[in-house]
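Please read this briefing with the sequence and the structure open beside it. The points that follow are grouped by topic for a reader new to the model.

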Amino acid sequence: MDYIGNRQYWDEKFSNRSDMPLEPEKSLVENIKYFKKGTVLDVACGDGRNALFLAENNFRVTGVDFSRKALKRLEIFANRKNYNIVTKEADLAKSDSLHDLGSFDNILINHYKLNEGQLLNLKKHIDDDGIVFICGFGHKYRLDSKVKEKDLIKPVDFENFSKVFQLIKYIESEDARGFFVTYIFRKSY
Ligand SMILES: C[S@@+](CC[C@H](N)C(=O)[O-])C[C@H]1O[C@@H](n2cnc3c(N)ncnc32)[C@H](O)[C@@H]1O
């Protein structure tokens, strides 16, 4: 599944951005205290606004995305700050796209929707007590020409996921951009 657009759409979008990263996600900034010290896998990291914020907060970050343009920008931003952020180009629509990445203390998925199979697959990539932080367009978001029903995060998405991961925090928020949800899970033993 492509999220909002295909690789070409995202490459073009990142090519048209300014020479500076965007601000990190507000919900991540407000809830970073829930993260375990150590490593973070940033799934569909884009050009790295959140990866950079996490590196600044002493996490060791790996970012995965299918847009080469996005990853190149992230590498440039990271070099400017002397941050050592690992980048990997991968198409997350493919079920084995994370297989060689090992496991992490935290996984961040911000404004990207993994399908159910991939979501359940995350248990192989997270350590015990590890945190999975998911934030994006919530179930009450008003659909528009870009954001489709399939892109929304709904409670039903986590029915099976919740058998392995314990929900420790759920947040709804609404602003001029629309309705957003944050789910913070901890891997249970
Ligand atoms: C809305 S952006 C979010 C970027 C970043 N997580 C953030 O919060 O700024 C969605 C990202 O998903 C990536 N993406 C979309 N479909 C993908 C796929 N099939 N595989 C890998 N990345 C994908 C895009 O390249 C883009 O960077």
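How close do the axes of helix α1 and helix α4 come, and at what angle do they cross? In this predicted model, the axes of α1 (residues 7-15) and α4 (residues 68-81) come within 7 Å and cross at roughly 35 degrees. Two packed helices are described by the angle between their axes and the distance between the axes.

**The contact of α1 with α4**
- On the α1 side the contact is made by Trp10, Asp11, Phe14 and Ser15, and on the α4 side by Arg68, Lys69, Ala70 and Arg73.
- Sorted by class, the residues of this contact are 3 nonpolar, 1 polar and 4 charged.

**The annotated region**
- The unreviewed UniProt entry carries the annotation "domain: Methyltransferase", which covers residues 40-111.
- Over residues 40-111 the chain is 31% helix and 29% strand, with the end C-alpha atoms 16 Å apart.

**The sheet**
- An open sheet is formed by 7 strands in the order β3-β2-β1-β4-β5-β7-β6, and its pairing is mixed.
- Because β3 (86-89) and β6 (165-175) stand at the edges with a single partner strand each, one side of each is left without a neighbour in the sheet.
- From one strand to the next, the twist averages 15 degrees.
- The strands β1 and β2 run parallel and are joined by 5 bridges, and valine 40 stands opposite valine 61 in β2.
- The strands β4 and β5 also run parallel, joined by 6 bridges, and asparagine 110 has cysteine 135 in β5 as its bridge partner.
- Since 9 of the 12 residues of β5 are buried, this strand is largely enclosed by the rest of the structure.

**Helices lying across the sheet**
- Helix α3 lies across β1, β2 and β4 and runs at about 170 degrees to β2, while helix α4 lies across β2 and β3 and runs at about 170 degrees to β3.
- Within α3, the residues Asn50, Ala51, Leu52, Leu54 and Ala55 are buried, and what covers the buried residues of this helix includes α2 (26-31), β1, β2, α4 and β4.

**The largest nonpolar core**
- In soluble globular proteins, nonpolar side chains tend to be buried together.
- The largest nonpolar core here has 44 residues, of which Val43, Ile107 and Val132 touch the most other members.
- At least two residues of this core are supplied by each of β1 (39-43), α3 (49-56), β2 (60-65), α4, β4 (104-110), β5 (126-137) and β7 (178-187), and the largest share, 7 residues, comes from β5.
- Leaving aside residues up to four places away in sequence, isoleucine 107 touches Leu41, Val43, Leu122, His125, Ile126 and Val132.

**Two residues with positive phi**
- Most residues other than glycine have a negative phi.
- Alanine 44, although it is not a glycine, has a positive phi of about 60 degrees, and this residue is found in the loop between β1 and α3.
- Asparagine 58, likewise not a glycine, has a positive phi of about 70 degrees, and this residue lies in the loop between α3 and β2.
- Which of the two words, buried or exposed, applies to alanine 44, and which to asparagine 58? Alanine 44 is buried, because 22 other C-beta atoms lie within 10 Å and 20 or more are required, whereas asparagine 58 is exposed, because 8 other C-beta atoms lie within 10 Å and the limit is 12 or fewer.

Methods: Residues are numbered from 1 along each chain as its sequence is written. This is a predicted model: local features need pLDDT of at least 70, side-chain atom pairs count only at pLDDT 80 or more; totals for chains, interfaces and linings use all residues. UniProt positions are given in the numbering used here, feature names are shortened, and annotations may be inferred rather than shown by experiment. Helices (H or I, at least four residues) and strands (E, at least two) are DSSP runs, numbered from the N terminus. Axes are lines fitted to C-alpha atoms, for helices over the stretch in contact, and angles run from 0 to 180 degrees between N-to-C directions. Two residues are in contact if their C-beta atoms, placed from the backbone, lie within 7 Å. Ala, Val, Leu, Ile, Met, Phe, Trp, Tyr, Cys and Pro count as nonpolar, Asp, Glu, Lys and Arg as charged, and the others, Gly among them, as polar. A nonpolar core is a set of buried Ala, Val, Leu, Ile, Met, Phe, Trp, Tyr and Cys residues joined through C-beta atoms within 7 Å. Two strands pair if DSSP finds at least two bridges between them.
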